[in-house]
Amino acid sequence: MRAIIGNSVVELVVGDITNEESDAIVNAANSQLAGGGGVDGAIHRAAGPSVMEQTRQRYPEGCPTGEAVITDAGRLKAKYIIHTVGPIWRGGREGEEDYLRAAYRNSLQLAVEYGCKSVAFPAISTGVYGYPLDLASEVALTEIRQFLFNLSDAILVRCVLFNEGTLGAYSRVLEQWARDDAGA
Ligand code: AR6
């Protein structure tokens, strides 16, 4: 499934983000940039130890929630890994939505700054960090849409979702937008 937004395109696919050939892939990291499970563990395993060496040297203080940092992509096909930190879900009243929006926005900003024409995102915060999937998909796509509307360059944003359930949640958001546009 895909949507055209401004000059750019958003695509929803099921897959393993470590196999992506986008210019940049985004990692759902923790604020210590210490590695971990989920997509973070998979990316570091596939990319090799040089990526963790770079984060240790260049970002010894880690990365605050909602911000993003960049390294090369080690052994992966992508050129860059953008490491961002989504919020831990604490019920929704601790600014989680703003932090999640910021994680997407700052990652996209870095991708554009580094000249990336394509960038792949996982569903940040929806695993270990417990952000409810339906809410997170809406926040993710809304922030991506807002960013792309305001961008004159053309980029491809691929949401690389790990299973059909995640794809379903993202697809429902795009389908709702299509209905809203048709009714407008
Ligand atoms: N490709 C794409 N998506 C994946 C992959 C993959 N290879 N593996 C998992 N996912 P999570 P978070 C999906 O837990 O919630 C780590 O320990 C997964 O199904 O990876 O932001 C970090 O170090 C889910 O939909 O990230 C942090 O401590 C999504 O990726 C913490 O987890 C995000 O799940 C971050 O938690």
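Modeller: A nonpolar core here is a set of buried Ala, Val, Leu, Ile, Met, Phe, Trp, Tyr and Cys residues joined through side-chain atoms within 4.5 Å. Please keep in mind that this is a predicted model.

Biologist: Okay, which residues touch the most other members of the largest nonpolar core?

Modeller: That core has 43 residues, and those touching the most other members are Val10, Val119, Leu141, Leu148, Val157 and Tyr170. Helix H4, residues 133-149, gives the most to this core, with seven residues.

Biologist: And what does Leu148 touch?

Modeller: Setting aside residues up to four places away in sequence, Leu148 touches Ile5, Gly6, Ser8, Val10, Ile155 and Val157.

Biologist: Switching to H1, which of its residues are buried?

Modeller: In helix H1, residues 38-47, the buried residues are Asp40, Gly41, Ile43, His44 and Ala47. Seen down the axis of H1, they fall within an arc of 165°, so they line one face of the helix.

Biologist: What covers them, and what sits on the face turned away?

Modeller: The cover includes strand E3 (24-28), helix H2 (49-58) and strand E5 (80-84), while the face turned away from the buried side carries the exposed residues Gly38 and Arg45.

Biologist: Last one: is Thr166 buried or exposed?

Modeller: Thr166, which lies in helix H5 (residues 164-183), is buried, because its relative accessible area is 10% and the cut-off for buried is under 20%. Its side chain makes a polar contact with the side chain of Asn163, at 2.6 Å, and, leaving aside neighbours within four places in sequence, Thr166 is in contact with Ala123, Leu133 and Leu161.

Definitions and conventions. Residues numbered from 1 in each chain as written. Predicted model: local features only at pLDDT ≥ 70, side-chain atom pairs only at ≥ 80, totals over all residues. Heavy atoms only, no water. Helix = DSSP H or I, 4+ residues; strand = E, 2+ residues; numbered from the N terminus. Buried < 20%, exposed > 50% of the residue type's maximum accessible area, 1.4 Å probe, protein only. Polar contact = N/O pair within 3.5 Å; in protein donor to acceptor, adjacent residues only side chain to side chain. Contact = heavy atoms within 4.5 Å. Arc of directions from axis to C-beta.
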